[in-house]
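Please look at the structure on the screen while I describe some of its side-chain contacts and one of its strands.

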Amino acid sequence: MRHTTVVLRAIVFGVTLGGACAASAQTATQDAGGGNDVARQQEPGWGIGLGAGFERSPYRGYGTKTSALPILLYNGAYFRVAGPAVDFKLGSAGRFDFTLRAKYANEGYESGDAPILNGMDERKDGFRLGGTATWRAPFAKFTLEWLKAAGNSNGQTVKLSAERGFTAGRVRLTPHLGVTWMNNQYVNYYYGVKSSEATSARAAYNGKSTANVDAGVRADYSLTTAQSVFLDLGVTHYGSGITDGPLVDRSTSPSLRLGYVYKF
């Protein structure tokens, strides 16, 4: 059972790398002002590749998550698969795009994944359901995402993100910034400690709603019309609702994703 869970998490993390590639593929066809209808029509239909990712876990003693897996992307008239998210396109109104979204989050853990988690009940990965609204402003692209857990935590998240791309020859640089609010059920499920799990080294803790801030920059380099490589450097700052708990020993975590994509 544990082996199956580890494999599933690895697959999801690999698909998350695909999300970075999907963003790269889309922004590569947009102008610096946030994109236009022509750019959206030029988005690739299919993409495959290989990626690797490194992300420091906030859990005390967990270390760095490392994965190297294949990437698969798809973008159609009504559906889009980008990383762990599947979108059903509802349509557009001017510079606004709307989707229904199903997203898989691999934030769970098992007892034994880190010393601080020994004796803890398993926290499961799970699906989130919700929607997005994207504003393709002349100066940047803004996305508002609302998701609710389909089970387990019954938590909710709301994320507001912004990005803008700059092109110089074959290189595309895209700084990105996001703020994610999580309600108390969400935080408590993944970062709380039940009274039955408390020990002398791990006090009981009821998580409270909080907000994380993430920032980074994505670099894409076009080898040919169909081939590209990408590098995404980022950092996440965790809110007090997470860092006040006994399971976490850091307020910020860096991440790095890189890979190669062939677009059909």
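D249 and R250 come together through their side chains in a salt bridge, with 3.7 Å from N to O. D249 is partly exposed, since its relative accessibility is 36%. R250 is also partly exposed, with a relative accessible area of 22%. Please keep in mind that this is a predicted model.

How many salt bridges does a search of the whole structure find? The search gives 15. Let me take another of them, between E197 and R123, where the N to O distance is 2.9 Å. E197 belongs to the loop between helix 3 (184–191) and strand 11 (210–222), and R123 to the loop between strand 5 (96–105) and strand 6 (126–136), so this pair ties together parts that are 74 residues apart in sequence.

Are these two residues buried or exposed? E197 has a relative accessibility of 2%, and therefore counts as buried. R123 is buried as well, at 4% relative accessible area. R123 has a further contact: its charged end sits over the ring of Y189, 5.9 Å from the ring centre.

Next, consider D244 and K208, which form a salt bridge with their closest N and O atoms 3.0 Å apart. D244 is in the loop between helix 4 (240–243) and strand 13 (252–263), while K208 is in the loop between helix 3 and strand 11, so the pair ties together parts that are 36 residues apart in sequence. Here D244 is partly exposed, with a relative accessible area of 48%, and K208 is partly exposed, at 36%.

Salt bridges can also join into a network, as they do for R80, D87, R101, K103 and E145. E145 leads us to strand 7, which covers residues 141–149.

In a regular strand, the side chains alternate between the two faces of the sheet. In strand 7, the covered face carries K141, T143, E145, L147 and A149. On the uncovered face are F142, L144, W146 and K148.

Which strands pair with strand 7? Strand 6 pairs with strand 7 in the antiparallel sense, over nine bridges. Within this pairing, K148 of strand 7 has L129 opposite. The bridge partner of E145 in strand 8 is K159. Strand 7 and strand 8 form a hairpin too, with six residues between them, and N152 in the turn has a positive phi of about 60 degrees.

Finally, let us turn to the aromatic rings. The structure holds 13 aromatic pairs. One of them joins F79 and F88; this pair is tilted, with 5.3 Å from centre to centre and 55 degrees between the planes. The pair of W135 and F139 has its ring centres 5.9 Å apart and its planes at 85 degrees, so it is edge-to-face. W135 is partly exposed, at 32% relative accessibility, and F139 is partly exposed, with a relative accessible area of 43%.

Ring pairs also link Y59, Y62, Y109 and Y191 into a cluster.

Notes:
Residues are numbered from 1 along each chain as its sequence is written. This is a predicted model: local features need pLDDT of at least 70, side-chain atom pairs count only at pLDDT 80 or more; totals for chains, interfaces and linings use all residues. Side-chain values use heavy atoms; hydrogens and water are left out. A salt bridge is a side-chain nitrogen of Lys or Arg within 4 Å of a carboxyl oxygen of Asp or Glu. Helices (H or I, at least four residues) and strands (E, at least two) are DSSP runs, numbered from the N terminus. Buried means under 20% relative accessible area, exposed over 50%, partly exposed in between (1.4 Å probe, protein chains only). Two strands pair if DSSP finds at least two bridges between them. Rings of Phe, Tyr and Trp (its six-membered ring) pair if their centres lie within 6.5 Å; planes under 30 degrees apart count as stacked, over 60 as edge-to-face and the rest as tilted. A charge sits over a ring if NZ of Lys or CZ of Arg is within 6 Å of the ring centre and within 35 degrees of the ring normal.
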